[in-house]
Amino acid sequence: MKPNSGTLVINIMNGGKAEAYEGVYQCTARNERGAAISNNIVIRPSRSPLWTKEKLEPNQVREGDSLVLHCRPPVGLPPPIIFWMDNAFQRLPQSERVSQGLNGDLYFSNVQPEDTREDYICYARFNHTQTIQQKQPISVKVFSMDSLNDTIAANLSDTDIYGAKPVTERQPVLLTPTGSTSTKVELRGNVLLLECIAAGLPTPVIRWIKEGGELPANRTFFENFKKTLKIIDVSEADSGNYKCIARNILGSAHHVISVTVKAAPYWITAPRNLVLSPGEDGTLICRANGNPKPNISWLANGVPIAIAPEDPSRKVDGDTIIFSHVQERSSAVYQCNASNEYGYLLANAFVNVLAEPPRILTSANKLYQVISDSPALLDCAYFGSPKPEIEWFKGVKGSILRGNEYIFHDNGTLEIPVAQKDSTGTYTCVARNELGKIQNEVQLEVKDPTMIIKQPEYKVVQRYGQVSFECIIKHDSTLLPTVIWLKDNDELPDDERFLVGKDNLTIMNVTDRDDGTYTCIVNTTLDSVSASAVLTVVARPNPPFDLELTGQLERSVELSWIPGDENNSPITNFVIEYEDGLHEPGVWHYQTEVPGTQTTVQLKLSPYVNYSFRVIAVNEIGRSQPSEPSEQYLTKSANPDENPSNVQGIGSEPDNLVITWESLKGFQSNGPGLQYKVSWRQKDVDDEWTSVIVANVSKYIVSGTPTFVPYEIKVQALNDLGYAPEPSEVIGHSGEDLPMVAPGNVQVHVVNSTLAKVHWDPVPLKTVRGHLQGYKVYYWKVQSLSRRSRRHVEKKILTFRGNKTFGMLPGLEPYSSYKLNVRVVNGKGEGPASPDKVFKTPEGVPSSPSFLKITNPTLDSLTLEWGSPTHPNGVLTSYILKFQPINNTHELGPLVEIRIPANESSLILKNLNYSTRYKFYFNAQTSVGSGSQITEEAVTIMDEVQPLYPRIRNVTTAAAETYANISWEYEGPDHANFYVEYGVAGSKEDWKKEIVNGSRSFFVLKGLTPGTAYKVRVGAEGLSGFRSSEDVFETGPAMASRQVDIATQGWFIGLMCAVALLILILLIVCFIRRNKGGKYPVKEKEDAHADPEIQPMKEDDGTFGEYSDAEDHKPLKKGSRTPSDRTVKKEDSDDSLVDYGEGVNGQFNEDGSFIGQYSGKKEKEPAEGNESSEAPSPVNAMNSFV
């Protein structure tokens, strides 16, 4: 035994036999406190016995039969490893047909002639003794059916009947295990190996299943060509029946292995050392499991507890020892033994009875430094008996630490899982028991983490270029970082081209050897971070060389070359170009391209071309320089191979036929003297071909043809050697003329107030006199049935492609009279118009009233005034007024509805509540239904003085296809900032918000969807909850084009520019005079108006009237664009931009300037009664094909 150690050394190197030391050993360690013992240690000498001598007979087997070569190795300790080899010490090949079993035998599912040999040798390797034992060679001879029949024929007479049966296929039979069932016992935690090897022809395939369950995932493996099932780390759950199935085309065989998993004892709860103070209680628990259930026994100081000295404080209860009111003499070492037939467990547990005051073993004022967001572990190693209680405090007078943000370990360590900057400070550990108390302080500093805020990035740089890698860091100010650059995990080369800066690495004049991975490493005393990037140095490839032409034929040649250096970027393809030295010397043309892995190509050639070739290599960086040209190769002349393409026959006049084609290129001529033979004849007429031969041109005109008749046409190439193949025929037509007749039987069906369907009979095709392109429908509004006729006619056109006989007319105006006619269209133009057809649209719902204003508020009444709808779309029958009160929380009260005759324009509402806000909804009605409503709010007064409150009202919209102009009136404090909110009507989506520039009272919404209804409202910033009522408008649908777009005419554009320039000059003059505070001559006019903020135009010369600021030197108010009742009357505003801008097309851009489009010769209609001129539909603005 070694000195001062418990290690026992057995040395047999100097003599002695290992068998003398065979046995079971156990170590015992003892002092005055008790005795501990070790597990039993078994020593057995290794053995590698020789094979017993045996006489081996040769194995003679018929082809297709099964065979087993037995190994039967000697029993060794530990068991040997078995393998089969030949005389040359080469392993014998194994397969699904031939394989080695777990017992070492070699199994043949069926033998083949190639299995014949005399050196099947089984080897046993004993690893512990490092020896290999060899069995005598085994001979196998396989008789084939052919050789067996020859042998039988040689030994029998001609009259004898002989002949061995041919090789027959056999269904599977299991060679091992035998029988239909077997059993297998394996210990828990071991590897389970199950084997099935079958005979049969063809060779059977093995499959494994578990009856009543699945094979365990991630622990199941198949070995030896699926003949062995391997399950690792088995448990009791792996017990059950496992079936192996051997199958070939003739049938199957199976075997069921019943597996039982037993278990040597394993710990559930091992006994642990116990430290008690005098008078305390405690328990030792020893719990183990196994299969079968292990037996638990106790020892005290290595002696069975039944015969150990008695201790009144100790009581054994099965797997538990209970200690009550222990004394110092109760200290001892107890052993727990758990054993069954498959093994045992032994554990020592020291019961130490001590009386010690607390001691803290961690040094005082120890400094801990950690990185923010990482764990902080503050040690408080302690000792004492009874076991001290540990408490932690932060700061000098801090309270005890508790909560989920801290983890208190049993060894006294305080863990802060995620330390933050505010975790920095002094922490106090207090240990106390009934014998005393002690404390210790430690310091914690939390540092900011070191970060690479900009990492180096992957770079590809061309040779001789410059590259820079950035590595910008951020670190704690109290930590000193060091930055190191590495190349391929090694130091940077000692080269002045590498410049290391504070935040970067720069490489000058990059070369190929600079390729690699560059890593930036930042180290501090507390942490380390790194980032890497790859540098790839690339260049365009070098040009190919050594071009060679081989296999020259009349129409092909093989070109080969040697690629140049690809310069670190793989060549993706080669481009082959050719020069025609006969027709285009010095001009290189694209021939073909091949993949970058190919260095030869078979090229197709044309006759009568003097070829030279060159090759260009291409990679991701670019194209190489062209290679040197190859030698020249002149091909022989031949007839043309092809005829001109794109042959067409189209007449330019009613009496001619223009035949055109694309001429052949120079190398396509295949020889000298290229010409064309042009042939034509009238289709469906028994005429002969008419032909002419023309020079190398691309057009020929045939005159004196009938109008628009089909011709068969062909163009054939020829040269001095002959003609090209017979060309294909194409159909052309002589020239077109205008159609002769108009469509008849035109009928109109009015679908609704804005849509009509028109039908017509098609014209005879003979009268079209050309290619039928479609029909055009001209339609125009004659008059509105609710007002007098308009002063001009504006026609709109819809074109319907092809031979259609009907079409839809959208965007009509309700309650109007229309006319239309239809014309047929061919390539030449339009035919005569059909007689005008008159139709009328029915009434529709009206638009919203033009305005609603509320005046004269009193204690219990309000006066409402309104204007009739801009578009009545019929005969108004009445107005509907609905109103309801609104309380201070914006909740709505009961709704009251009033029907008002259509001829009324004002109403006094009485019996209202004083000082109450009301919301009004107002709309007009025709016999069809109610139109869009307009909303407004007003307040009755508390006394005779009207309160001032902010409000936005009279929100009006003018919509086009994709935009809408929103305008409103504002009453309230100055300097309000407005915004517009809008969304699709009926949608639950959030409102979209647009900020209005400045304090303007108009805004243009852009990017709208045509034909869509939108809701809109206006609000003021800074006025919480203050918005206008909602308004609804609809964008115009896809529009039909006018016949002539006047906006594209030069005279119109010039006129608009002149008007814009005059307006700009006038505005500048007004602005200058206004800033100077001058007087304007509007004094007399001003006195005639209630609001001095209205400046009307003089009727005689259109100039501004006089204005004096002597009475009031304040600037114009934001509300100065409205009269005193803060409402712009529709009668005053209708005769404005809408009339000249075609309704929805007369709009404003974002700065308020007019952007309407003039079209046609429109004249403004006078209003009838209260109705203003009616704007046409948005459909008028387009002429579209349907």
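**View 1. Antiparallel pairing of strands β81 and β84.** Strand β81 (residues 977-984) and strand β84 (residues 1013-1021) are joined by 8 bridges in the antiparallel sense. Strands are DSSP runs of E, at least two residues long, numbered from the N terminus, and two of them pair if DSSP finds at least two bridges between them. Within this pairing, F978 stands opposite A1020 in β84. This is a predicted model, in which local features need pLDDT of at least 70 and side-chain atom pairs count only at pLDDT 80 or more, while totals for chains, interfaces and linings use all residues. Residues are numbered from 1 along each chain as its sequence is written, and side-chain values use heavy atoms, without hydrogens and water.

**View 2. The open sheet.** The order β82-β81-β84-β85 describes an open sheet of 4 strands with antiparallel pairing. Its edge strands, β82 (992-995) and β85 (1031-1034), each pair on one side only.

**View 3. Aromatic pair of W760 and F800.** The whole structure holds 23 aromatic pairs; rings of Phe, Tyr and Trp (its six-membered ring) pair if their centres lie within 6.5 Å, with planes under 30 degrees apart counted as stacked, over 60 as edge-to-face and the rest as tilted. The rings of W760 and F800 have centres 6.0 Å apart and planes at 50°, so the pair is tilted. Both W760 and F800 are buried (under 20% relative accessible area, with a 1.4 Å probe and protein chains only).

**View 4. Aromatic pair of F883 and Y918.** F883 and Y918 form an edge-to-face pair, 6.1 Å centre to centre with 65° between the planes. F883 is buried at a relative accessible area of 8%, and Y918 is buried at 4%.

How values were computed. Buried means under 20% relative accessible area, exposed over 50%, partly exposed in between (1.4 Å probe, protein chains only).
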